[in-house]
Amino acid sequence: MFFDQLLNQTNGPLLERVLSFTAARHKLLAENIANADTPDYRQKDLSVDAFNQMLQQRAAESDSAPPGTVGFDDIDEAITYPNNGILAHDGNNVAMEQLVSDQAKNALMHNVIVELLRQQFQQLQAALKDHVS
Amino acid sequence: MVNGITPNVGAVAGATGATAKSGAASGSGSTSFADTLKSSIDEVSRLQQDASKAVEDLATGKSENVTGVMTAMEKSDLAFKTLLAIRSKLMDAYDEIKNIPV
Amino acid sequence: MFDALDISSSGLQAQRTRLDTIAANIANLNTTRNSAGQPIPYRRKFAVFAPGQASDPTQPGVRVTEISTDPSPYRKVYDPSNKDADPATGMVQFPNVDLSVEYVNALEASRAYEANVTTMEVTKSMINASLRLLAWSLKRPGQM
């Protein structure tokens, strides 16, 4: 009750939701790379734009609501089958270069958000500690 | 001996605030220490809100300015820690004054 | 997040199996008899992939469902002096393995193997980054 609001008044919940999204997307990209030679395999992806749209809406809502009351956990992510214009002779449509670069970007975003989340908790701890460390 | 105390009290009071005119000269238009403190707190709050907004923009994909976010967070962190240090010094000074035997 | 390691390791295993079949093909490039000594040439083999883990096909990953043989016709070479030549025509049947095709497949398999290894490294770095969330608070166990 009270502690929920106290601990969620920074960007914590938003960043946690983004982290679970990047982790799920990483799994999908890993699956695509593992199936790069499987016949008739269609590449899967999570739509980043749709997710960001929903996230921005929810963030705007939480800006106007009292801090710590708006949750982010019920935003869902949709699996899409992107059409990347590649079709190999065995029916596989995996684009390896785009996958590897997407995976690198996704991982970098994940690591940056983890750092920011750590900073948020660090600030709360500094406020509680009552003196400069 | 009483005369010897007042300069020390004045030195301690001067060390705790930028302007030491607490309350007595507030009517003359100069800012009191309370006002300075309040504006500092507002500034720290504003810096923190800026940092929070920058983090939100980065996480939702609205902007990709990672260095901007990092510097905003560092600034707000430093401002907060400075305010915390000033508060600690104030508390220490108040304790010292409190313990002066009258 | 740890499932991603399973996915990548299934990819590594599948590509290694594929590389094994390619190595067998190259080794048997000129094998005109089978293992029993009969004059039946070696037939090219290839690995068939399918999505799903080997232990549980509903989990994401890749597996080798079978090592099937290539039904394309044998390579025929005219050499009457060969022991396995057909006495009527003088043609010898060699395995239907094309060295250039096998080389290119081997290159592709090793590139896919590298890509899976890179994915595992990325997964490990993401997990390590999450571990550092705790590292700061664990650094000073004495204070609050």
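**A residue of chain C and its surroundings**

Modeller: In this predicted model, C:K45 counts as partly exposed, because 17 C-beta neighbours lie inside 10 Å; the class of buried residues would require 20 or more. C:K45 belongs to strand β1 of chain C, which covers residues 45–51. Leaving aside residues up to four places away in sequence, C:K45 touches C:T21, C:A24, C:N25, C:I67 and C:T69. A further reference point is C:D98, which is 53 residues from C:K45 along the chain, with 12 Å between the C-alpha atoms of the two.

Read from the N terminus, the elements of chain C follow the order α-β-β-β-β-α. The radius of gyration of chain C is 24 Å, whereas the globule rule gives 15 Å for 144 residues; chain C is therefore more spread out than a compact globule. Along the principal axes, the C-alpha atoms of chain C fill a box of roughly 95 × 25 × 20 Å. Buried residues make up 21% of the 144 residues of chain C. Among the contacts in chain C with a separation of 6 or more, 60% are between residues 24 or more positions apart.

Chain C also meets chain A, in a contact that takes 29 residues from chain C and 25 residues from chain A. On the side of chain A that touches chain C, α2 (12–34) and α4 each supply at least two residues. The helix α4(A) gives the most to that side, with 12 residues. Sorted by class, the side of chain A that touches chain C has 12 nonpolar, eight polar and five charged residues.

The helix α4 of chain A, residues 96–129, is also paired with helix α3 of chain B, residues 66–98: their axes come within 11 Å and cross at roughly 10°. Since angles under 35 degrees count as roughly parallel, α4(A) and α3(B) are therefore roughly parallel to each other. On α4(A), the residues that make the contact are A:V112, A:Q119, A:Q123 and A:A126, and they meet B:V66, B:M73, B:D77, B:F80 and B:K81 of α3(B). In terms of class, this contact of α4(A) with α3(B) has five nonpolar, two polar and two charged residues.

Definitions and conventions:
Residues numbered from 1 in each chain as written. Chains lettered and ligands numbered in written order. Predicted model: local features only at pLDDT ≥ 70, side-chain atom pairs only at ≥ 80, totals over all residues. Axes fitted to C-alpha atoms, helices over the stretch in contact; angles between N-to-C directions. Helix = DSSP H or I, 4+ residues; strand = E, 2+ residues; numbered from the N terminus. Parallel < 35°, antiparallel > 145°, perpendicular 65-115°, else oblique. Contact = placed C-beta atoms within 7 Å. Nonpolar A, V, L, I, M, F, W, Y, C, P; charged D, E, K, R; others polar. Rg over C-alpha atoms; globule rule 2.2 N^0.38 Å. Buried ≥ 20, exposed ≤ 12 C-beta atoms within 10 Å, placed from the backbone.
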